[in-house]
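I opened my notebook for a structure that was new to me.

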Amino acid sequence: MFSIGLTGGIGSGKSTVADLFAARGVPLIDTDLIAHQITAPGGVAMPLIASEFGQDFIAANGSLDRAKMRALVFADDTAKTRLEAIVHPLIRAETERQRHAAPGTYHIVVVPLLVESGEWKARVSRVLVVDCPVETQIARVIRRNGFTRDQVLAIIAKQASREARIAAADDIIVNDEAATLDTLAEHVDTLHARYLALAAA
Ligand code: ADP
């Protein structure tokens, strides 16, 4: 099983790069999507979250009240640890299920916090980092999410540094201001060929 762990800071271009691999037929396993699904109405994490945090954190439709939980865990590291103790094992289990079911020679696992959480690095065959300057991240997230500069900076401050991410990388795609979809696609083509060869070896 050949797994590429794709990571990068907020706004670095992970989703953009992941989509380029998907367009080449590479199966994608998206841990953010899994996190969303297990906390959607009827999601496997919901009974556990309700008993740990109370009904206050459950929205009317039965999903996680994301805004409320985001505010709590942003301010309270203990709450973050309690939430992670519930969701991380479930995300891991579902990721493993999808990895084993994935067709093809290799697959991509998108893990935004791969460097921060440590354990993922041991679970993948290689780490691919999408890298860009912090100022580029800020500009993109302001544009994409309508956040203020301070909001983006606060999120970036909670993530691994650019240097830590690069240090953990086996492969790096530079997605800075000079990068276009065409240049990204060229990088992805080169890596795709490399991964096919490595997976077959
Ligand atoms: P991430 O998944 O890492 O948060 P995205 O792939 O969603 O990042 O990219 C963040 C935003 O920046 C998106 O709106 C995306 O379309 C845009 N973007 C990403 N890379 C580029 C690029 N090379 N040039 C212009 N816009 C980009």
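This is a predicted model: local features need pLDDT of at least 70, side-chain atom pairs count only at pLDDT 80 or more; totals for chains, interfaces and linings use all residues.

**Entry 1: around the ligand**

I began by looking up which residues surround the ligand. The shell is made of Gly9, Ile10, Gly11, Ser12, Gly13, Lys14, Ser15, Thr16, Arg140, Arg144, Asn175 and Ala179. I sorted them by kind and found two nonpolar, seven polar and three charged residues.

Next I checked which helices take part. Helix 1 (14-23) and helix 8 (134-145) each give the shell at least two residues. Helix 1 has the largest share, with three residues.

I then looked at backbone atoms facing the ligand. A backbone N or O atom of Gly11 sits 2.9 Å from a ligand oxygen, and for Ser12 I noted 3.3 Å from a backbone N or O atom to an oxygen of the ligand. Ala179 also contributes: one of its polar backbone atoms is 3.1 Å from a ligand nitrogen. On its own the ligand has 560 Å² of accessible area, and the protein covers 71% of that.

**Entry 2: salt bridges**

I turned to charged pairs. Side chains of opposite charge can pair when their charged atoms come close. My count for this model came to 13 salt bridges.

I picked Arg92 and Glu119, whose side chains meet at 2.9 Å, N to O. This pair links distant parts of the chain, with Arg92 in helix 5 (residues 77-101) and Glu119 in helix 7 (residues 119-123), 27 residues apart. Arg92 counts as partly exposed at 21% relative accessibility, and Glu119 is partly exposed at 30%.

I also saw that this pair belongs to a network of salt bridges linking Arg92, Glu96, Arg99, Glu119 and Arg123.

Arg97 and Glu94 form a salt bridge at 2.8 Å, N to O. Both are in helix 5, three residues apart, which is about one turn of the helix. Arg97 is partly exposed at 48% relative accessibility, and Glu94 is partly exposed at 21%.

**Entry 3: a helix and a strand**

What does the salt bridge between Arg194 and Asp171 tie together? Their side chains meet at 2.8 Å, N to O. Arg194 lies in helix 11 (residues 181-200) and Asp171 in strand 5 (residues 171-174), so the pair joins parts 23 residues apart in sequence.

Key:
Residues are numbered from 1 along each chain as its sequence is written. Side-chain values use heavy atoms; hydrogens and water are left out. A residue is near a molecule or strand if one of its heavy atoms lies within 4 Å of it. A polar contact is a pair of N or O atoms within 3.5 Å; within protein, one must be able to donate a hydrogen and the other to accept it, and residues adjacent in sequence count only if both atoms are side-chain atoms. Accessible areas come from the Shrake-Rupley method with a 1.4 Å probe; for residues, only the protein chains shown count as cover. Helices (H or I, at least four residues) and strands (E, at least two) are DSSP runs, numbered from the N terminus. Ala, Val, Leu, Ile, Met, Phe, Trp, Tyr, Cys and Pro count as nonpolar, Asp, Glu, Lys and Arg as charged, and the others, Gly among them, as polar. A salt bridge is a side-chain nitrogen of Lys or Arg within 4 Å of a carboxyl oxygen of Asp or Glu. Buried means under 20% relative accessible area, exposed over 50%, partly exposed in between (1.4 Å probe, protein chains only).
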